[in-house]
Amino acid sequence: KMTQQMRDLQLAQARKPPGPSSPNAAKRLYRNLSGKFRVNYTSFDEGSLAGRGEKEKLRKSYLFHGNAALFEAVELQDLDRVQELLKQYSPEELDLNTPNSEGLLPLDIAIMTNNAPIARALLQAGAKESPHFVSLESRSLHLSTLVREAEQRVNELTAQVVNEAPNTDCSEKEKQLKAWEWRYRLYKRMKAGFEHARVPDAPTNVHLSVSSSSSVKVTFWEPLSVNSAVVTKYKVEWSCSPTFSPLLGEAVIDKLKNLHFTIQGLVSGTAYYVQVSAYNMKGWGPPQASVPPFAIPSNWREYDGRAPRRRGQAEALDHLLGQVKTVHQHCICHEPCKNQPQSRKHSVSKSLKHLFHPGSKFLKTLKRGLYLTAIFYKDDNILVTHEDQIPVVEIDDTYSCLLMQDFLWFTKVSCMWDEILWLRQCVTVSQSSCSCILQTRFKMLLAISQMQGLLGIQDLGKVFFEPVKDKQGNILIVTLKEVKTNQTFESVRWVPICKLQTSRKSVSSPEEPTALDTLLISVQDKLAYHQRSSHALSPGLYLGYLKLCSAVDQIRVLVPEQLPNILCHVKIRSNPNISREEWEWLQKMASVEEPVPAEPEAETTQNHLFQELQVAIKELMTLVNIPLQEAKDFRLYSQEVLDFGGQVSFLLLLPPSDDVCTAPGQNNPYTPCSGFLTLPLQIFELGEEG
């Protein structure tokens with residue numbers, strides 16, 4: 001097929017009338033004479049070619065046909081074919097911005113035939129307009145020349161077909177005549193499209209917002225009417241004067257996938273006016289001023305000069321930890337006191353011997369006591385021992401009632417998996433009356449070391465927010481970690497979770513399952529929780545709902561099941577920054593005694609925030625299933641904006657002060673019933689930090 005196609009191409013070139021030639025002339029004539037040309041890519045077998053040179057020729061042939069096919073698809077207004085080619089080839093491979101022999105680019109043909117869908121697809125792929133059209137006059141002259149030459153060629157071929165006797169050459173002339181007639185109609189359509197087009201209207205919904213103390217962001221939509229010509233770029237201009245004289249700067253946006261632009265390097269506290277205009281092949285349209293008409297770069301902290309709450313905290317903690325390490329660098333593990341009860345002494349000695357004995361193994365069954373289990377998972381597989389058990393080690397075989405403070409201490413230790421050996425050296429098994437607490441925590445560190453040694457890995461993952469318990473007195477502390485790489489572990493192997501669940505033989509009754517059986521039954525739920533708790537919010541400003549409830553030994557916080565590391569929330573807007581003017585307005589609103597303060601002036605950043613908050617509050621109340629009339633006494637937390645990494649910020653909505661935290665047994669009208677859960681406050685803080 002390739003040989004025949006090239007012969008046809010050579011024949012067409014040999015019969016080409018005298019005239020100017022170019023490197024792309026062969027492409028043009030081949031495309032004209034090929035009818036609805038399509039490339040059969042599967043007809044070439046790279047494996048049958050000998051040598052790198054032949055493969056390179058084949059690659060160039062692919063690209064040649066890809067470029068020709070793209071021009072043809074644009075000319076035939078075949079959107080599906082255009083999208084297919086843009087997906088199959090890179091812009092460089094398609095010569096997307098190299099003009100053909102007529103001085104045209106694919107984008108020129110699309111916009112002059114006013115084919116907006118194809119033009120948008122080409123623009124998103126990085127297509128440009130031809131650099132030959134430096135003015136409206138040059139474009140008009142060029143199109144007129146193309147139409148005139150095509151008309152002349154049609155007349156010549158028509159005369160040849162009429163005057164010549166029927167033969168093979170005449171049949172070839174008829175094919176050329178049809179191709180040129182079609183091209184003549186295309187050029188006339190392009191010329192008419194250019195003549196009827198006008199400059200585009202102004203962009204719509206031009207919105208200006210303050211993105212930081214030194215930048216503002218402008219977003220906009222396409223014009224309502226492009227006046228028969230596709231918009232190919234936009235211009236953003238800014239000035240300190242409402243008349244835009246003098247102009248401080250401008251930026252041209254030709255990547256149209258996202259219609260926004262951030263103006264950076266501005267002076268804090270200075271008002272900047274912004275306007276946006278659109279461009280098509282007829283030129284620049286009128287500018288559209290933004291709403292609000294100006295913005296002042298600032299941040300809410302400038303209202304009272306407040307420093308970030310966490311500034312220097314991480315450095316201070318690292319310094320403190322370094323000091324502690326220096327003091328305890330010569331410490332060694334202490335032996336338990338001799339006058340302790342024999343059972344507890346025996347337990348500690350047993351744990352130490354079990355840790356360092358070369359035959360240390362994972363447990364197969366549980367007795368009454370406290371245990372540590374580590375769940376590692378990858379896709380639908382889970383890590384198990386050679387006995388097809390989830391890895392479990394013993395913490396304390398005499399401990400049947402896990403105190404909340406011990407569990408919370410363990411969760412904090414999980415932030416320092418790499419420091420377990422050092423922590424063991426620093427924890428002293430005291431002889432005082434409170435030694436039971438220290439002994440339990442010392443045994444926790446021993447169990448962690450044992451699990452790390454048996455698995456051959458230090459990072460055991462995150463602690464599940466509650467232990468697994470059974471009626472036999474067993475308690476499992478569960479850690480979870482997702483493995484995303486081909487990591488090597490010792491003494492364990494991967495098995496599908498479903499296979500593990502179906503093959504495990506339970507030794508307990510359905511009415512009273514053991515902690516291991518309960519863990520295995522609920523393992524998918526725990527993995528889903530772990531994955532959801534690792535999700536991050538997209539950049540923006542959010543409205544969060546703070547609701548606490550207290551128990552005897554802990555305070556719990558309400559969170560959504562789908563995102564348990566974040567408070568119940570809705571998104572207010574994509575811009576996370578609160579400007580000084582917005583924060584000042586929020587302070588005034590918080591100090592007003594009336595439940596609904598007066599609206600701020602129209603066309604101000606404060607008014608936009610007011611409208612966004614109204615929508616967000618209604619959405620949040622619907623989310624947590626609280627009637628809007630019952631939320632009339634709710635209030636915004638006005639002490640600070642909660643910043644998370646500079647890209648996510650929160651305003652908090654609080655119930656009345658007496659109902660922020662519900663006491664045990666107290667009727668709670670402000671807690672939703674489904675789709676939410678409550679986490680211990682310390683667990684939530686660790687999840688939020690992560």
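**Figure 1. A salt bridge between Glu 75 and Arg 183.** In this predicted model, Glu 75 forms a salt bridge with Arg 183, and their closest N and O atoms are 3.3 Å apart; the term stands for a side-chain nitrogen of Lys or Arg within 4 Å of a carboxyl oxygen of Asp or Glu. Because Glu 75 lies in helix 3 (residues 52-75) and Arg 183 in helix 8 (residues 168-196), the pair ties together parts that are 108 residues apart in sequence. Helices (H or I, at least four residues) and strands (E, at least two) are DSSP runs, numbered from the N terminus. Both Glu 75 and Arg 183 are buried, where buried means under 20% relative accessible area, exposed means over 50%, and partly exposed lies in between (1.4 Å probe, protein chains only). Residues are numbered from 1 along each chain as its sequence is written, and side-chain values use heavy atoms, with hydrogens and water left out. Because this is a predicted model, local features need pLDDT of at least 70 and side-chain atom pairs count only at pLDDT 80 or more, whereas totals for chains, interfaces and linings use all residues.

Figure 2. Pro 106 is found in helix 5 (residues 106-112) and is buried, with a relative accessible area of 1%.

**Figure 3. A salt bridge between Asp 388 and Arg 493.** Here the side chains of Asp 388 and Arg 493 meet with 2.3 Å from N to O. Asp 388 lies in the loop between strand 10 (381-385) and strand 11 (392-396), and Arg 493 in strand 15 (residues 492-496), so the pair ties together parts that are 105 residues apart in sequence. Asp 388 counts as partly exposed at 31% relative accessibility, and Arg 493 counts as partly exposed at 33%.

**Figure 4. Helix 18 and what it packs against.** The 19 residues of helix 18 (residues 605-623) should span 27 Å at 1.5 Å a residue, and the end C-alpha atoms are 27 Å apart, which agrees; the expected span is 1.5 Å times one less than the number of residues. Among the buried residues of this helix are Leu 609, Phe 610, Glu 612 and Leu 613. The buried residues of helix 18 pack against several elements, including strand 8 (288-295), helix 17 (580-591) and strand 22 (648-654). Glu 612 is also linked with Arg 573 and Glu 582 in a network of salt bridges. Just after helix 18, Asn 625 takes a positive phi of about 60°.

Note on methods: Contact means heavy atoms within 4.5 Å.
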